[in-house]
Amino acid sequence: QVQLVESGGGLVQSGGSLRLSCVGSGSRLNFDSMNWYRQTPGKERELVAGATSSGRLNYADSVKGRFTISRGDSKNTVYLQMNSLKPEDTATYFCHAHVVVNVEGARRDYWGQGTQVTVSS
């Protein structure tokens, strides 16, 4: 069982910055992709940014140029540097990992518990 632990959320003023971190247990596993999603009450969870183990990155249009996703050297960590934050970035941010769990190549999805980001105007 893989556990994802997020940290780094908090309250920040508009225009400020925060850095989210996510560490996955089971460092010997292949964390094929690690991603950040966010969700606000009454809305569907949306992909914010993603990073594959091969280095491919992708971003939601709403955060391009402001957020940067990166993977740690150990490959079971992912970070989200969020700059120029706006009130509409307020949400619960979730870490997600797509993990190869055995030698046969089976993959499973795992989610963190979420960390709250609040941007005041």
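A residue is called buried under 20% relative accessible area, exposed over 50%, and partly exposed in between (1.4 Å probe, protein chains only). By that scale L47 counts as partly exposed, at 31% relative accessibility. Welcome to this predicted model, in which local features need pLDDT of at least 70, side-chain atom pairs count only at pLDDT 80 or more, and totals for chains, interfaces and linings use all residues. Residues are numbered from 1 along each chain as its sequence is written, and side-chain values use heavy atoms, with hydrogens and water left out.

**Around L47**
- You will find L47 in strand β5 (residues 46-52); strands are DSSP runs (E, at least two residues), numbered from the N terminus.
- Leaving aside neighbours within four places in sequence, L47 is in contact (heavy atoms within 4.5 Å) with N35, W36, Y37, N58 and A60.
- Q116 sits 69 residues from L47 along the chain, and their C-alpha atoms are separated by 16 Å.

**The aromatic pair**
- The structure holds one aromatic pair, where pairing asks for Phe, Tyr or Trp rings (the six-membered ring for Trp) with centres within 6.5 Å.
- The ring centres of Y37 and W111 are 4.9 Å apart and their planes stand at 65°, so this pair is edge-to-face (planes over 60 degrees apart; under 30 is stacked, the rest tilted).
- Distant parts of the chain are linked by this pair: Y37 belongs to strand β4 (residues 30-39) and W111 to strand β10 (residues 107-111), 74 residues apart.
- W111 is partly exposed, with a relative accessible area of 39%.

**R45 over two rings**
- R45 lies over the face of F94, at 3.7 Å from the ring centre; the rule is NZ of Lys or CZ of Arg within 6 Å of the ring centre and within 35 degrees of the ring normal.
- R45 also lies over the face of W111, at 4.7 Å from the ring centre.

Definitions and conventions. Helices (H or I, at least four residues) and strands (E, at least two) are DSSP runs, numbered from the N terminus.
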